[in-house]
Every structure is written in structure tokens, then in C-alpha cells.
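Please consult the sequence and the structure shown here while reading.

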Amino acid sequence: MSLSSFSRLVHADWSTTPGKRWFAEARRDATGWLVEAPRLVGRVEHFVGELFSGPLPTLAGFDFPVGMPVQVGRRTGFSGFSEAIDQFGLGPWARFYDVSEEAQDISLHRPFYPRVSSSSARQAHLLSALGVEHMDALRRECERATSDRRAACSLFWTLGGNQVGKAAISGWRDVVQPARRAGALLWPFDVAALSSVEQGSVVLCETYPAEAYGHVGVRFRRGGSKQRQEDRRAATAGLGQRCERHGVRLSSDMVAVLTDGFGPRKDGEDAFDATIGLMGMIEVVEGRRAPAPGVRQAPEWEGWILGQTA
């Protein structure tokens, strides 16, 4: 499957807080890609609907997990994630998105935990309830530690600053499932259907903006933070020239945002990540970066983060 057929790219930096949901968009024409300035997502149902507007085949990236650990996924009885995601929240899986309050509430049908911060909440409760021996069994291959990156937080753990569970719940329930009902496909799960991209088709994928930084030459100086305007401006100082070299044009509004370091507010980091994640998607679609490693474990369940190396 080639991703080069997409003419429209959308990348959203997702959050459970509506004011922190930003997206950036790029469209390809005869002269290359044109990148527009990032915007707030606004009403989620309207945003999802807009993904299907117009004739351009659209690849939409989101920085929440799209996939689940194979040791848990296979126990659901579904053939893979693309089948399972259509059923979560329905019938026997009606409470799937209800975060467990107590350890005894955790089950395969209600795997997220804990609902609120508690001194008694332990990750060991997840291990016991979900029938695995260590936390890596609750991480996908793309989430485990390597020589280049630390291990990510488990999908099902919903406590702490680096947890991703609550964003996954919001993303799956409010974005992925409605988009699927409207006909969206999932990369890389829907392999057969993705063999050809038709006009007006929408494909959803998982991204990781922090991974994309290095893909497009964005680097923070020692002690720098994406929460500070000046550090964002310094980290993206060479991005405009890189875009010129690769035939990527920036709208006048995008140039202004980039020059300004995405504004003085701390939440400029969200618009920043929406934009850099989009730039990383362009690298993959243009063939400058492989979408995924050639050999992966259980791709039907775990998927992959677009553009991430093994």
C-alpha cells in the first residue's frame, strides 16, 4: 500500500480538554503541498464531518493510540482492532469506556483504570485483572522502550501526566467510531481496502508529534520547552527553509504563526504539535520516510505510529 495517493492531510493534537484540541491541514496541488495555519478543532462532530467534505482523499492523523496490546486484544474474541473498535461501547462491551473506580471493577470489558487519583491505585491491579505478568504486556510494540526512547505509559492506565488512556477513550468514542460509521478506514489495519485510495475516502492513522520533531529537523536546545514561545521559535528556526527545499509552501498565516513561535500563551504547544505532526505526515506521504518497519508483531491488533522506526 502506498500513501502517496493522498491529496489532503489533517493532523490533530488531541486532548480530553476541548480548548487544547488543535489541528493543522495541508493540501497538495500541481506545485506541491500548501500548509495552512493550525486551528482549534471546535465541535468534534463538525470536525469529523469536515474530514469527509470535498473530493480529495484524506489521511487524518491523531496523537492518541490507534490499536491495543495483542495479549489483551486476542482475548476479546475479535479478529483484530478494526473489528473490535466498531463494537466497543455497545452490547456486551457497553461499559468499555467507563473507567474503573476500584481494582475489583477492572475487567476485559472495562479495562481502563483508575477513574480518579488514589493512593491505593496500583498498576499491579491492571496486571492481575487483565491476566498478564508485566507492564510491557500492556504496551504495544511501538510503545516499548528502545535505545532511543523511553517506554510509553500503558493504554489502560489513566493516572499521571504521561497517561494516554483518557485521550484514547475520547478519540475512539468521539472520533474513530463516528468516522468509521461514515466509512473511514484505519491505517494500517484495513490492508485490503487500503490497496487503493479513492476520491473522497478518509483514512485515520496514529501519530506522535514528539517523534516527528526529529523527522523534520525540530530540536529544542538543552533545557528548552515546547511550552515557551521563544523556545518554540528557536526550535523551528530552520523549518521554513526545509519546507522550501522539499516543495512545501506555507500560507501567509502559517508563516506568521511560525515566526511568532505559536504565540505567547502556554497552550501554544498544542498548535505547535498539531503543525509538526502534520509536517511529519508529509515526510511519510512523500516517501522520504517509511510509514512503518517491515516486520512488526501482531499488526492486526497493535498497528503502528506513522513514520516511527522500530
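The chain exposes about 13800 Å², and carbon and sulfur atoms supply 48% of that area. Accessible areas come from the Shrake-Rupley method with a 1.4 Å probe, and for residues only the protein chains shown count as cover. The model is predicted, so local features need pLDDT of at least 70 and side-chain atom pairs count only at pLDDT 80 or more, while totals for chains, interfaces and linings use all residues. Residues are numbered from 1 along each chain as its sequence is written, and side-chain values use heavy atoms, with hydrogens and water left out.

**Overall form**

The chain has 11 helices and 8 strands; these are DSSP runs numbered from the N terminus, helices being H or I of at least four residues and strands E of at least two. Along its principal axes, the C-alpha trace spans about 55 × 45 × 40 Å. A compact globule of 310 residues would have a radius of gyration near 19 Å, and the chain agrees with this at 19 Å. That radius is taken over C-alpha atoms, and the globule rule is 2.2 Å times the number of residues to the power 0.38.

Of the 310 residues, 52% count as buried, meaning under 20% relative accessible area with a 1.4 Å probe and protein chains only. Among contacts (heavy atoms within 4.5 Å) between residues at least 6 apart in sequence, 63% join residues at least 24 apart.

**Helix α1**

In helix α1 (residues 44–51), the buried residues are V44, F47, V48 and L51. They lie on the same side of α1, because they cover an arc of only 95° around the axis; the arc is that of the directions from the helix axis to the C-beta atoms. The partners against which these buried residues pack are β1 (8–13), β2 (22–29), β5 (58–62), α5 (165–181) and β7 (202–206).

T236 is found in the loop between α7 (229–235) and α8 (239–245), and R140 in the loop between α4 (123–130) and α5. Both are listed below with their accessibility and the residues they touch, leaving aside residues up to four places away in sequence.

| Residue | Relative accessibility | Residues touched |
|---|---|---|
| T236 | 3% | V218, L258, F272 and I276 |
| R140 | 1% | P65, V66, G67, M68, P69, E206 and E302 |

T236 counts as buried at its 3% relative accessibility, and R140 is buried with a relative accessible area of 1%. The contacts of R140 include E206 and E302.

How values were computed. Buried means under 20% relative accessible area, exposed over 50%, partly exposed in between (1.4 Å probe, protein chains only).
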